[in-house]
Amino acid sequence: MEIKVVNDVKSVSADILVVNLFEEGKTSSDRANKYAIEEDGFKGKFGETYLLQTYGEEPYRKILILGFGKKEEFSQNKLREAVAKAVKKCMQMEAKSISFAFDGIDFDYAEQFAMGAYIADYKFDKYKSEKKDKHVQEVYINASEQGLKRAEKFAAAMSFARNLANEPAQFATPSELASIAKDLNIETVVYDKDECEKMGMGAFLAVGRGSAEEPKFIHMKYTCDNPKKRIAIIGKGICFDSGGLDIKPASSMITMKDDMSGAACILGVMSIIREFNPQVEVHGLIAACENMPGSRAYKPGDILTAKNGKTIEVDNTDAEGRLTLADALCYACELGVDEVIDIATLTGACMVALGSQAAGIMGNDSELVHNLIDSAEKNGEKFWELPLWDEYFESLKSDIADMKNSGSRWGGASAAGVFLQKFVKDVKWAHIDIAGTAYLEKPQKEFISGASGAGVRTLLGYILEQ
Ligand code: BES
Ligand code: MN
Ligand code: ZN
């Protein structure tokens, strides 16, 4: 899909012209005003649409009126959602070109307009022998080139991440993630099992032991001259989470190819970062492996030693993400960066707390946490802070090791957070739990079901703000 800027959108001979309608208002099309509003009483409630034929009397075949709802309740988020709805409608009608004539919006909508259009245009149909909906080829709009360009890159990074997380685990293996990282136009080092062993990553390697796939530790690095700040971003990279010996029931296992959505987010960000040339150094880290119950699998009761020397008693092999992140956090801290941010499909508890609407965030530095929450809001995502109180460590106490990897069911997202904190040393750190937002069971707002690219917009936006 290509978005083109034109001044006079209504003179373009596109298949469909889309006009907006605020409640109690008018559209920019006389035909729409006369037939839909005056004669048929269309109100323009948010998300409602109305289709008109033009019978060869105008340059476009049809006019789609898009309800924007009450003007005082309108926002960038609503605009993005409405545009996505219009694009999806036009796709169903097999339109090849759409022209948008928006009127009466009192903010710069270029970026969120394009985000909505690109997100709606996304499909994961590579394994369908018959591709159903046709992509829209051309979109015309009168909006700022700058906003459109930024959205194009953000959307490309999101699609990159969504494709990876939607890809079945049989293909998106740790080795495959490593080779994808190496193919990015960026400095990348991949450590294999023996090298990870030498680095003392006993927690990460234990998780991968039950699988026939070799674990890979991936380190990507973007630099520039005189970076203003040095940041490490870590993505949970469990390419499949069967639960291990504490195996998951089928109904919980079915979506677990998505347990590398954090890694997919990091790869998405790193895939586009050069095109923005931000004045920061960014390290993208992924401890990639599968959590499987093979005969060499780690067992409940085992004691693991992480990279920082701390010992962990395995209480539940399904609490594997935090074990892989523990070693990745130690590695990140040794890089001497200013900030460490991890993003992970970490706990069902976070999903219970926030649903698929918001990611949970916690950390040891409230400025960093709040800057990330702000970036989420600016870029169309929702983050919600969860507590990281010491009390949550109570249930992780072990009689025979420094800690257990799981404890009480209650407050599970925060318990996972305090566990991770034990591997963070002398650095500002934030942890983002995307268990609920990374993979949608059903369509939600501008998204179809499946991988959503959670975290990509927020992390990219945050990096670009430095
Ligand atoms: N990958 C899961 C968390 C998850 C659940 C992500 C649902 C997306 C949707 C994680 O590894 C896990 O299994 N967590 C356990 C931890 C428990 C054993 C302490 C959980 O949340 O049940
Ligand atoms: Mn698990
Ligand atoms: Zn997991």
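Let's start at ligand 1, which is surrounded by 17 residues, the closest being Lys248, Asp259, Asp318, Glu320 and Gly348; a residue counts as near a molecule or strand if one of its heavy atoms lies within 4 Å of it. Keep in mind that this is a predicted model, in which local features need pLDDT of at least 70 and side-chain atom pairs count only at pLDDT 80 or more, while totals for chains, interfaces and linings use all residues. Residues are numbered from 1 along each chain as its sequence is written, chains are lettered from A and ligands numbered from 1 in the order in which they are written, and side-chain values use heavy atoms, with hydrogens and water left out.

Now look at the polar side chains around the ligand. A polar contact is a pair of N or O atoms within 3.5 Å; within protein, one must be able to donate a hydrogen and the other to accept it, and residues adjacent in sequence count only if both atoms are side-chain atoms. Asp318 has a side-chain N or O atom 2.8 Å from an oxygen atom of ligand 1. For Asp241, a polar side-chain atom lies 2.9 Å from a ligand oxygen, and for Lys236 the distance from a side-chain N or O atom to an oxygen of the ligand is 3.2 Å.

Next, step back to the whole chain. It is divided into domain 1 (2–143) and domain 2 (154–464), with bounds that come from an automatic or database domain assignment. Their contact takes 16 residues from domain 1 and 18 residues from domain 2, where contact means heavy atoms within 4.5 Å. Taken over C-alpha atoms, the centres of the two domains are 37 Å apart.

How much area do domain 1 and domain 2 bury between them? The value is about 1500 Å², 57% of it on carbon and sulfur atoms. Buried area is the accessible area (1.4 Å probe) that two parts lose on being put together, summed over both. Ile119, Tyr122 and Phe124 supply 40% of the area that domain 1 buries against domain 2, more than any other three residues.

Two salt bridges are found across the interface of the domains, a salt bridge being a side-chain nitrogen of Lys or Arg within 4 Å of a carboxyl oxygen of Asp or Glu. Arg80 forms a salt bridge with Glu446, and their closest N and O atoms are 2.4 Å apart.

On the side of domain 1 that touches domain 2, α2 (76–92) and α3 (110–121) each supply at least two residues. Helices (H or I, at least four residues) and strands (E, at least two) are DSSP runs, numbered from the N terminus. The largest share of that side, six residues, comes from α3.

Finally, here are some features along the chain. The salt-bridge count comes to 21. Glu334 forms a salt bridge with Lys307, with the closest N and O atoms 2.8 Å apart. This pair links distant parts of the chain, 27 residues apart: Glu334 is in helix α10 (residues 321–334), and Lys307 is in the loop between β11 (303–305) and β12 (311–313). Glu94, in the loop between α2 and β5 (97–101), has a phi near 60°, a positive value in a residue other than glycine.
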